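Please keep the structure in view while reading.

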Amino acid sequence: MRIIGIETSCDETAAGVVVDGRHLLSNVISSQEHLHAPYGGIVPEVAAREHLLALPATIRTALERADTAWEQIDAIAVTHGPGLAGSLLTGLSYAKGLSYALGLPLVPVNHLEGHLYANWLDAPEPEFPAVALIVSGGHTALFLASGHGAYQRLGGTLDDAAGEAFDKVARLLGLGFPGGPAIQRAAAAVGASPTAFKLPRAWLPGTADFSFSGLKTATLHLLQRLEREGEPAPVAEIAAAFQGAVIEVLVAKTVAAVAEHGARSVLLGGGVAANLMLREVLAERAPVPVRVAPVALCTDNGAMIAAAGYFRFHAGDRGSLDLDVAPSLPLTAQPI
Ligand code: KG4
Ligand code: ZN
């Protein structure tokens, strides 16, 4: 079964074609990064307008690269939440139009479930129960997945998402947008042991919750102190200290959840899962296999929506033409 996945929840216009939820045929991402970079963050109105401009070519290229004609497509999967309302609306409306015009079933997909199902693409089947860590620009949360579609939220961030903290601290450091890759690059100059500065970790003991806003403020205070003292800010060292602090907490809480729930694998997903240090340290410390998709499938993409869409299609999920966007859609149990 061949599904095309369409994703426009944030600032990437993306489409991908996947066979049987597992085999990747194409994954085309049209990034708007250059449009938002001058503002240091995503401008929702600009994002929505750009999606509309980029969708036709992105979808056409995804089909071409998959060597697939519309007649060979069995369903259209589309992100309907969570995300920016205007961005979601553009992709969902476009997908509805295609579904109506071509007579193809429309399958609504939760963006967060998409991030998890990126781990099913051209990879060994992950084992349940799994602890899933979703870390992106908009979300940071731990889930227990006991089977397909069976999620229990264990905890999540009380303030900033991890990716959001990367983006904000990168801006403080003058490293540009998006901040995650920029901080990773800057920190790489320091090597593996970022010991020059110690930044705080919010452990929130006894919970699977996170908090990154204090770390962001501590970084700001450190920069302000250096400036008052007339010292130049050692950007690489501070980037490394920040990255180390975020990763230490993410990894420790994930490993604790694995032990507590007897999980047999860890599913890592979301844009921050592209971080090489997070991938490395989690794989090192977790007592069970860590499933993480290749970097291009960690950040927002259409293939992951097609992968999740396959499982949703078989669960009987269909979107009608009056389906609306759900900007705050949570990831809750919806058995498959
Ligand atoms: O999943 P995603 O593409 O979009 C959302 O659904 O939010 O995640 C984007 C986030 C951004 O905050 C970006 O800075 C972060 O993922 N990110 C990274 C890395 N690559 C992307 N964070 C840390 N290290 C990276 N290498
Ligand atoms: Zn995402």
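A cavity, as the word is used here, is a set of grid points where a 1.4 Å probe fits but cannot get out. Rolling a probe the size of a water molecule over the atoms shows where empty space is left. The structure is a predicted model, and a search of the whole of it finds one cavity of 30 Å³ or more. The volume of this largest cavity is about 30 Å³. Its lining consists of Leu-116, Tyr-117, Trp-120, Phe-128, Gly-147, His-148, Gly-149, Tyr-151 and Leu-267. By class, six of the lining residues are nonpolar and three are polar, with no charged residue.

The domain assignment divides the protein into domain 1 (2-119 + 297-314) and domain 2 (127-292). Their centres, taken over C-alpha atoms, are separated by 26 Å. To the contact, domain 1 contributes 18 residues and domain 2 contributes 19 residues.

The volume of the largest pocket is about 1,000 Å³. Its lining has 36 residues, and those nearest its centre are Ile-42, Ser-136, Gly-137, Gly-138 and Asp-167. Helix 4 (111-117), helix 5 (162-172) and helix 6 (179-188) each supply at least two residues of this lining. Helix 5 gives the largest share, six residues. The pocket lining comprises 11 nonpolar, 16 polar and nine charged residues.

## The sheet 3-2-1-4-5

Strands of a sheet pair through backbone hydrogen bonds, either parallel or antiparallel. One open sheet has five strands in the order 3-2-1-4-5, and its pairing is mixed. Strand 3 (23-31) and strand 5 (106-110) are the edge strands, each pairing on one side only. From one strand to the next, the twist averages 20°.

Within this sheet, strand 4 (residues 75-81) pairs with strand 5 in the parallel sense, over five bridges. Val-78 stands opposite Pro-108 of strand 5.

Helix 2 (residues 44-65) lies across strand 1 (2-7), strand 2 (12-19) and strand 3, and runs at about 25° to strand 2. Helix 11 (residues 302-314) lies across strand 1, strand 2, strand 3, strand 4 and strand 5, and runs at about 125° to strand 1.

The loop between strand 2 and strand 3 contains Asp-20. Although Asp-20 is not a glycine, it has a positive phi of about 55°.

## The sheet 8-7-6-9-10

Another open sheet of five strands has the order 8-7-6-9-10, again with mixed pairing. Its edges are strand 8 (150-156) and strand 10 (290-292), which each pair on one side only. Neighbouring strands here are turned by 25° against each other on average, direction ignored. Helix 8 (residues 235-261) packs on the sheet and touches strand 6, strand 7, strand 8 and strand 9 (265-269). The direction of helix 8 makes about 160° with that of strand 6.

Strand 6 (residues 130-135) and strand 7 (residues 140-147) are antiparallel and pair over six bridges. Leu-133 has Leu-142 in strand 7 as its bridge partner. Strand 7 and strand 8 also pair in the antiparallel sense, over six bridges. Here Ala-145 has Tyr-151 in strand 8 as its bridge partner, and Tyr-151 is one of the residues that line the largest cavity.

How many residues stand between the strands in the hairpin of strand 7 and strand 8? There are two, and Gly-149 in this hairpin takes a positive phi near 75°. Gly-149 is also among the residues lining the largest cavity.

Definitions and conventions. Residues are numbered from 1 along each chain as its sequence is written. Chains are lettered from A and ligands numbered from 1 in the order in which they are written. This is a predicted model: local features need pLDDT of at least 70, side-chain atom pairs count only at pLDDT 80 or more; totals for chains, interfaces and linings use all residues. Side-chain values use heavy atoms; hydrogens and water are left out. Two strands pair if DSSP finds at least two bridges between them. Helices (H or I, at least four residues) and strands (E, at least two) are DSSP runs, numbered from the N terminus. Axes are lines fitted to C-alpha atoms, for helices over the stretch in contact, and angles run from 0 to 180 degrees between N-to-C directions. Contact means heavy atoms within 4.5 Å. On a 1 Å grid over the protein atoms alone, a cavity is a set of points where a 1.4 Å probe fits but cannot get out, and a pocket is an open set with protein on both sides within 12 Å along at least five of seven lines; lining residues have an atom within 4 Å of a point. Grid points are joined across faces, edges and corners, and a volume is the space filled by probe spheres set on the points. Ala, Val, Leu, Ile, Met, Phe, Trp, Tyr, Cys and Pro count as nonpolar, Asp, Glu, Lys and Arg as charged, and the others, Gly among them, as polar. Domain bounds come from an automatic or database domain assignment.
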